[in-house]
Amino acid sequence: MRLRRRRPREVDLYLPMKRIEHLFEAPRLDPFAPELEHYDPRPGLEQMVRAVQRAKRKATLSVALGLPADVITPGLEERARAALARECRRRIALLDDDVAGVRRLGIRTLLWGLLAVLFINGAVGALGTTEPGSIEDALSTGLQTVAWVVLWVPINLLIYDLWYYRRDRRAYRRLRDLALTVVPQRPAKAGLLAPPPGADSERPPRQGDPDRPPETRQETP
């Protein structure tokens, strides 16, 4: 069992859809329709974001939207690209606001946390030298633990929370200028476009492996 997969350098993503609106809306899939078994219930944009986040930062990305031939109209591809760019800009603006808010809150809680740590350390120092197993020793240990716990909130905000926001923002920036294509839907099962020979890219899903999302499955050598 492989605990860590290599992040792909190339991602060719094929997203079958019944309507172009499913690029941003979650489709309602009929569980009694066997032909929809391999459709992803997530909006197309969310699938694209996850594919970008799993790939290397400078990985090449191409996305094809597979639609029924009768819904493909002239200019649909250009309108889809423009809509994708607008939605990505909108979400980037929201993430920028979130990043600024989390940073302000993190700095504020860090300052209060440092003051609390100084106060707690002063209380520990006031206890003086304590004998192991005594009440004073237990109280001193407890206060030192509280001091570290107080600092966890700002550390979590300024490091981990900001990392998640920035990761999402970076993905939307990649997709903002994506030249996605609209193609007639393939009769084959949903999956990824076949990568060029020798390319280190994501591959179509294998039979009997339903627990992994379609765009992330890899063939076992």
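Trainee: How exposed is Asp 96, and what is its relative accessible area?

Mentor: Asp 96 is partly exposed, with a relative accessible area of 32%; bear in mind as we go on that this is a predicted model.

Trainee: Which residue forms a salt bridge with Asp 96?

Mentor: As a general idea, side chains of opposite charge can pair when their charged atoms come close. Here the partner of Asp 96 is Arg 169, and the closest N and O atoms of the two are 2.8 Å apart. Because Arg 169 lies in helix 3 and Asp 96 in helix 2, the pair ties together parts that are 73 residues apart in sequence. Arg 169 itself counts as buried, at 15% relative accessibility.

Trainee: Where do Arg 81 and Glu 77, which form another salt bridge, lie in the structure?

Mentor: Both of them lie in helix 2, four residues apart, which is about one turn of the helix, and their closest N and O atoms are 3.3 Å apart. Arg 81 is partly exposed at 31%, and Glu 77 is also partly exposed, at 22%.

Trainee: How should I read the largest nonpolar core, and which of its residues touch the most other members?

Mentor: In soluble globular proteins, nonpolar side chains tend to be buried together. In this structure the largest nonpolar core has 28 residues, and those touching the most other members are Met 48, Val 63, Leu 65, Leu 175, Leu 178 and Leu 180. Helix 2 gives the largest share of this core, six residues.

Key:
Residues numbered from 1 in each chain as written. Predicted model: local features only at pLDDT ≥ 70, side-chain atom pairs only at ≥ 80, totals over all residues. Heavy atoms only, no water. Core = buried A, V, L, I, M, F, W, Y, C linked by side-chain atoms within 4.5 Å. Buried < 20%, exposed > 50% of the residue type's maximum accessible area, 1.4 Å probe, protein only. Helix = DSSP H or I, 4+ residues; strand = E, 2+ residues; numbered from the N terminus. Salt bridge = Lys/Arg side-chain N within 4 Å of Asp/Glu carboxyl O.
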